[in-house]
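Hi,

Here is the structure I promised to pass on. Have a look at it first, and then read my notes below.

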Amino acid sequence: AMVVKQRIRSSVWTRCLVGICTLQSVNSFLLPASLPAVVQGPRLARQGVLAVTAKKGPTVRPYFEGKGKKTMRKRKVGGMSKEQQQEQARQKAFQAAQEAAAAQLDAVKNAVHLARNEIKPALEKDGFYVCDNFLGKLSANQMLAEAKDLQKAGLLQLGESTRWNEELNKPETYQKENVYTMQVQGGDQYQLAPRLTEYVVQLTASLTAALNVQFPQPVLLETHQTNKLAVCTGDGSHYAKHYDNQGGEDRRKLTALYYMNPKWHEELGGCFRAYKRDSTEDFTDIAPKFDRFFCFWSDELIHSVQPSFATNDDEHRWALTVWLYAGDGVEIKRDPEAEEIHFPNLASPEQLSG
């Protein structure tokens, strides 16, 4: 699949929301250089960017001043003026937006902190790490609501991948049936999905830092990531067996999945199937349960996604994937023996990439 690198400057990790929003690079993955209207507060609101519904303000009455001189003057009659009420509403909206962003960033940071000592041992033992109740219901529901809004807005398009064309003897790009995807961009699109954006930003910072300190040299770059928001709408939509990364110029090293499926049950399918390297019959199925975090080495784990079914929109299978990039000097691995077992007709390693 096409990979788009996005740079992240180090200042993005400041705990102050305004500080996070100071990045300017067009190619950066970032929260916006200036906050969206609901966060920016009074200035943009006065320009009509932010619509604030205020209660009906007090009346303005004419009165006489001096000898026979009629004067029209705005006079506050009990309580606040209309302008003051609007200003107060803007300030409340500004504060609420700041608090929501800070809560999401903290939720992701704390989740990684709690899992930090479990991830590497699980990767070494099982080839993957699974954590349930990762962020909590509040964050999970907010992210799912944003994902559905993006889908309703028509921003998710049919997903693409690569496969080997036996007749042409070369890789080809194809569209995945009933799988719709998009990349969470941040920047000018931050206000379309603030919680999803903050998740990607903070996960990249926290997960990279948590893993790098456990290796002799940094295994992941703090400055690169790419991501994909995907929904399987049923009718058997699936992903064929593949590696996420099988070399070439692709530097993706760690795959981190987050599932947002509160209505999932076994009959809906859509499990992630992780294969043992030395057997096509030895595998583990990981269900796409709500608020489940799941990560693995992009260049080592052979996997597929089993057919997914849905009887209504609430049963669609949602996943947000973040790929972190290999650090300088870190090898992208290949396993010819595993490839021979799982892909006996392999003509080119590039056909294995998902």
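**What I found**

Helix H5 (residues 137-152) and helix H6 (residues 194-212) pack at an angle of about 115 degrees, with axes 8 Å apart. Axes here are lines fitted to C-alpha atoms, for helices over the stretch in contact, and angles run from 0 to 180 degrees between N-to-C directions. On the H5 side, the contact (heavy atoms within 4.5 Å) uses Gln-142, Met-143, Glu-146, Ala-147 and Leu-150, and H6 brings Pro-194, Arg-195, Leu-196 and Tyr-199.

Please keep in mind that this is a predicted model: local features need pLDDT of at least 70, side-chain atom pairs count only at pLDDT 80 or more, and totals for chains, interfaces and linings use all residues. Residues are numbered from 1 along each chain as its sequence is written, and side-chain values use heavy atoms, with hydrogens and water left out.

Helix H6 also holds Thr-204. This residue is buried (under 20% relative accessible area, 1.4 Å probe, protein chains only), at a value of 0%. The Thr-204 side chain reaches the backbone oxygen of Val-200 at 2.7 Å.

Now to strand E12 (residues 292-297), where 6 of 6 residues are buried. Arg-292, Phe-294 and Phe-296 lie on one side, with Phe-293, Cys-295 and Trp-297 on the other. E12 pairs (at least two DSSP bridges) with strand E4 (residues 128-131) in the antiparallel sense over 4 bridges, and Tyr-129 stands opposite Cys-295. Strand E9 (residues 252-259) also runs antiparallel to E12, joined by 6 bridges; there, Thr-255 has Phe-296 as its bridge partner.

Best wishes

Note on methods:
Buried means under 20% relative accessible area, exposed over 50%, partly exposed in between (1.4 Å probe, protein chains only). A polar contact is a pair of N or O atoms within 3.5 Å; within protein, one must be able to donate a hydrogen and the other to accept it, and residues adjacent in sequence count only if both atoms are side-chain atoms.
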